[in-house]
Amino acid sequence: MEDEKSFTDLCGGRLALQRRYYSPYCREFCLSCPRLSLRSLTAVTCAVWLVAYGLFSLFENSMILSAAIFITLLGLLGYLHFVKIDQETLLIIGSLGIQMTSYYASGKESTTFIEMGKVKDIVINEAIYMDPVEPHRISQVVPVFQSAKPRLDCLIEVYRSCQEILAHQKATPTSP
């Protein structure tokens, strides 16, 4: 079963959350961010080139214009390959673990896997439910959806679904 809902991020941008239910104990959440805006790309490029042209007219050195083009291209490639994330995916399999994948605009993928035995709980934020978090019990916190920054309504939906799987996992005894 698959469905899609629209949400907003912290800045008001549109996010799309695709939920895939493979089984009662395996779910995938894909959070898609907006693509790179041609308007912002054009604005940054024009700003860099206008500054370069101003410096060129002051110093009359054509190397400034060449450097501006080179810096713009390298900056864009670096942004697309290391910064701009188009989609973030959270796959939770009750008997196996949690896999988080980030898909960059350049096509690069970054995947993190956490074994279910190492997962103690899934927490959104202690202020939401006002439950105190005991720092000495937390060995490592792994944030999800770092790039998309979805609002609370989206996070609660993902949280509840993950808690269902974790509750079943804790209720099912594991054999040695």
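Is Cys26 buried or exposed? Select Cys26: the residue is buried, with a relative accessible area of 13%. Buried here means under 20% relative accessible area, exposed over 50%, and partly exposed in between, computed with a 1.4 Å probe on protein chains only.

This is a predicted model, in which local features need pLDDT of at least 70, side-chain atom pairs count only at pLDDT 80 or more, and totals for chains, interfaces and linings use all residues. Residues are numbered from 1 along each chain as its sequence is written, and side-chain values use heavy atoms, with hydrogens and water left out.

Next, select Cys30, which is buried at a relative accessible area of 3%. The disulfide count is 0, a disulfide being a pair of cysteine sulfur atoms within 2.5 Å.

Move to helix α2, residues 63-83. Helices (H or I, at least four residues) and strands (E, at least two) are DSSP runs, numbered from the N terminus. The 21 residues of α2 reach 28 Å from first C-alpha to last, close to the 30 Å expected at 1.5 Å a residue; the expected span is 1.5 Å times one less than the number of residues.

Within α2, color Ile64, Ala68 and Thr72, which are buried. They cover an arc of only 85° around the axis, so they lie on the same side of α2; the arc is that of the directions from the helix axis to the C-beta atoms. On the face turned away from the buried side are the exposed residues Met63, Phe70, Leu73, Leu77 and Phe82.

Finish at Ser102 in strand β5 (residues 97-104). Ser102 counts as buried, at 16% relative accessibility. Leaving out residues up to four places away in sequence, Ser102 touches Ile85, Gln87, Glu88, Lys108, Glu109 and Ser110, where contact means heavy atoms within 4.5 Å.
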